[in-house]
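Please look at the structure shown here and work through the questions that follow.

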Amino acid sequence: MRSLTFVYGTGRSGSTALSRILNAHPDVLSLNEYMASVGDASFPTGQVSGGEFWQTLSRPAPHFERMTRSGLPLPEFLHTRVPGRYAASTSGIPALSLMVLPHLTDDPDALLDELGATVVRWPERPAAEHHRALFGLLCARFGRTAVVERSGYSTGWAPGLRETFPEARFVHMFRDGPDCALSMSRHPGYRTICLLREIRTRSGVDSLADLTPDHVRALPPDLAPLLDDRFDPSLVRDRPIPLRTFGTLWSELVTEGTEFLRLLPADRRATLSYEGLLDHPAQELTRLARFIGVAPDPQWLHAGSALLDHGRRGSAAALPATERAALRDACAPGTRALVA
């Protein structure tokens, strides 16, 4: 029986490298940024036809399209690096084509066509069953037996995924707080996340969907344009954002992820530290392989270890002492949650 595992966490924690490592395993279907790509729109309620389900996978993700059109594509956007028939400025890039399919093949356009020709013929059923069937279709296509989905900034997805896929296993991946927060501060996606969180806080709403025209008009001129279809990328790149803001974000996400994991049965939960992976790659990858239900192939262990970048470790140590101390304080709640 095919296994299903979700690797979730803060992002900026070595998880993209982990997706590449998993993709190199002969038995693992590595779904890179699948949930980040397809989002809530791919989980409509009630019975869904194959054609309707395919629409949720093949239409562009609005927030990612807006960033690309604005000249602020994320480094994770694999489709923008290779020639293809889709572009944010014209047709839009299908959700599956942005990060999921280019991770699996050098010809994501052909694979998208191949999948679409099958999926649109599927009968009506709940969205969760469509997702399971898609996982099965991809496993058959690539000869894999275990599915591992991994998205950055994904702690918020975990409870819903547990409810939707009760058979799934979960791995909470995390990294040293100050190092991870510093990496977030340099990433356009996380800088955007923090600015959108500031918009919600200023407006007093729980979701951006709750913003009214009056809310938007009350925002300062360096925040309001971020809600437009296209914005000046310097508003994200150049705006001063205190490092402690990212430390607070890291703490919130790590605490959320840790609390979720504690609610799971012991055989459905595991943790993976980026630093532990760097220190003991063969040991940690062996443990991970057994957890997700595949053999720790020796060649894979060797190849996977070579994909790890040891140069990213300890980056926060180079910060000025005062700044480093403030960042460490902001990360303290998350650090305590990890060791509790």
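**Core, sheet and loops**

Q: Which residues touch the most other members of the largest nonpolar core?
A: A nonpolar core is a set of buried Ala, Val, Leu, Ile, Met, Phe, Trp, Tyr and Cys residues joined through side-chain atoms within 4.5 Å, where buried means under 20% relative accessible area, exposed over 50%, and partly exposed in between (1.4 Å probe, protein chains only). The largest such core has 76 residues, and those that touch the most other members are Tyr34, Leu96 and Phe170.

Q: Which helix gives the most to this core?
A: Helices (H or I, at least four residues) and strands (E, at least two) are DSSP runs, numbered from the N terminus. With 8 residues, the helix that gives the most to this core is H14 (residues 243–262).

Q: How many residues make up the second, separate core?
A: This is a predicted model, in which local features need pLDDT of at least 70 and side-chain atom pairs count only at pLDDT 80 or more, while totals for chains, interfaces and linings use all residues. Residues are numbered from 1 along each chain as its sequence is written, and side-chain values use heavy atoms, with hydrogens and water left out. The second core includes Leu272, Tyr274, Trp300 and Leu301, and its number of residues is 23.

Q: What is the bridge partner of Val171 in S7?
A: Strand S6 (residues 169–174) pairs with S7 in the parallel sense, over 5 bridges. Within S7, the bridge partner of Val171 is Ala270.

Q: Which residues of helix H4 are buried, and why are they on the same side of H4?
A: In H4 (residues 62–69), the buried residues are Phe64, Glu65, Met67 and Thr68. They are on the same side of H4 because they cover an arc (taken from the directions from the helix axis to the C-beta atoms) of only 160° around the axis.

Q: At what distance does the side chain of Ser151 reach the backbone nitrogen of Ala36?
A: Ser151 is found in the loop between S5 and helix H9 (158–164), and it counts as buried because its relative accessibility is 3%. Its side chain also joins that of Glu149 in a polar contact of 2.5 Å; such a contact is a pair of N or O atoms within 3.5 Å, where, within protein, one must be able to donate a hydrogen and the other to accept it, and residues adjacent in sequence count only if both atoms are side-chain atoms. The side chain of Ser151 reaches the backbone nitrogen of Ala36 at 3.2 Å.

Q: Is Glu33 buried or exposed?
A: Glu33 lies in the loop between S2 and H2, and its phi is near 60°, a positive value in a residue other than glycine. Because its relative accessible area is 6%, Glu33 is buried.

Methods
Pairing = 2+ DSSP bridges.
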